[in-house]
Amino acid sequence: GEVQTHNFIIQSTRVTRLCKTINVITVNGQLPGPTLEVNNGDTLIINAVNRARYNVTLHWHGIRQIRTGWADGPEFVTQCPIRPGGSYTYRFTIENQEGTLWWHAHSSWLRATVYGALIIHPKPGASYPFTKPKREAPIILGEWWNRNPIDVVNQATRTGAAPNISDAYTINGQPGDLYNCSSKDTVVIPVASGETNLFRIINAALNAELFFKIANHKFTVVAVDASYTKPYTTDVLMIAPGQTTDLLVTADQAPGRYYIAARAYASNINVAFDNTTTTAILQYQGLPCPAPGTSAPQPIMPSLPFYNDTNTATRFTTSLRSLNSREFPARVPQSVDENLFFTVGLGLFNCRTGQMCGGPNNTRFAASVNNISFALPQSLSILQAHTYGVNGVFTRDFPRVPPVQFDYTAQNVSRALWQPVRGTRVKQMKFGSVVQVVLQGTNIVNGENHPMHLHGHDFYVLAEGFGNFNPSRDTSNFNLVDPPLRNTMGVPINGWAVIRFVADNPGVWLMHCHFDVHINWGLAMVFLVENGISELESLEPPPIDLPPC
Ligand code: C2O
């Protein structure tokens, strides 16, 4: 493979959206940030230079980082943050991955404005499992606040309340026509009549799963999370933060202008959410110019599913299958070494004196996995503590719990579950273990669909359902042939999902809900994968410019 070097200057930038100009943090002054485009097998060297007044790290979402866990990026998990004025070089090789991924900041809420596409083409000479369209475009969905997002989350942390909802969703950084004074900047995506396009959809929103449609056009899903799927044709997409979906879209309608639109899938409509709609325009080339003094006709608007249309969301996610062709086989491990059960959901902390108590009934919002609300270390990253043998940074006693049965109608769950315990506890595993996790969503405070993301590994989604996971009933329905391979999956509201992966990447790997508000409340845990026997099964030594703590 080739080596590509990029300079990412993290800096304060004046940005105008919705008629307001504010300072936000960007990479190289761009929003979205630069698109990285590489081939499978290439090496990326990113010099990150922090000229902002915040601590920053960068994460390459979905990149496996085989043996290069030092480049993964979550702050205080694999590295200490790059301090203002500091820099760090992320260096990693793309190994047997192709498709659409992305990169984003992994400290506080900086990823609201520090994100971009990471597109991996097949090795030179290798082909796609579909006819590669001449034209392709990334379509990155985002979320915008009329305020510095860091101030939004800091206010929530201070008060213990839920943070303010966003003021807009965006497509490639722009809210689009339906928002105040955004029309002239609406993103236009040109297509040619009769041609097929590859659109790479990325959900970079902080706290919203999204429905996505293109007026009058169907599309065919060919990959999710940089893993090929059996072609699946539909007219609506549900995409959770962290997920990517590659679509083939043929311009087979009357030449014209059609809205591309996205708005929230709010699995629990009682939780405050941004109910606005973002649009871009799919525009056929060669349309006649509007007559002098007239404007172009209004694009046609698709009708999006209602906000809490869980049926549509579920139909989409459960229709996906791995391609599982001779060239791209699914490799589902057929037996399991570590059988784990995790509860994932929100809880509440009692308010201590001197604290503000913005949560319900004089509490503060919390979230947990197996009742442990993940606390980031403050002094050293977990990976450094593990590598240098420093005690006191984390413990290895992540709890093993037996399957919990929730009464999803009565909410009569024990107090011990809604009041989690803070901790930095990791689950340690032998190199090469096959891990299965039943993720059981809780509804102790608010039942919600939680998009869970695992660093350093892709996992097969064997099954999902509503209510309690029932091993004797549900195990027999596991798809062990062609389940979708993902790095992020939504655990259904008041339901469960089962994932399976091989822990074949030595290092320290965060698993968390990709709603940033939930990470802030502690909906995260860490897997520590031990080195294997040979050097090729071991983590590389830390880079010399690893930021000091
Ligand atoms: Cu997309 Cu932990 O991140």
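The questions below go from the whole chain to a sheet and a helix.

This is a predicted model, in which local features need pLDDT of at least 70 and side-chain atom pairs count only at pLDDT 80 or more, while totals for chains, interfaces and linings use all residues. Residues are numbered from 1 along each chain as its sequence is written.

Q: How do you know that the radius of gyration of the protein chain agrees with a compact globule?
A: The radius is taken over C-alpha atoms, and the globule rule is 2.2 Å times the number of residues to the power 0.38. With 549 residues the rule gives a value near 24 Å, and the chain has 23 Å, so the two agree. Along its principal axes, the C-alpha trace spans about 75 × 55 × 55 Å.

Q: What makes a residue count as buried, and what percentage of the chain does so?
A: A residue is buried if 20 or more other C-beta atoms, placed from the backbone, lie within 10 Å of its own; it is exposed at 12 or fewer and partly exposed in between. Of the 549 residues, 50% count as buried.

Q: What makes a run of residues a helix or a strand, and how many are there?
A: Both are DSSP runs numbered from the N terminus: helices are H or I with at least four residues, strands are E with at least two. The chain has 6 helices and 32 strands.

Q: Where does UniProt place the feature "domain: Plastocyanin-like"?
A: The unreviewed entry places it at residues 10-123, 137-286 and 398-531; such annotations may be inferred rather than shown by experiment. Residues 10-123 are 0% helix and 46% strand, and residues 137-286 are 7% helix and 47% strand.

Q: Why are S10 and S15 called edge strands?
A: Two strands pair if DSSP finds at least two bridges between them. The open sheet has the order S10-S9-S12-S17-S14-S15, with mixed pairing. S10 (168-171) and S15 (227-234) each pair on one side only, which makes them the edges.

Q: How do you know that S12 and S17 pair?
A: 7 bridges join S12 (residues 196-203) to S17 (residues 244-250), and the two run antiparallel.

Q: Why do the buried residues of H1 line one face of the helix?
A: They are Pro149, Ile150, Val152, Val153 and Ala156. Seen down the axis of H1, they fall within an arc of 160 degrees (taken from the directions from the helix axis to the C-beta atoms), so they line one face.
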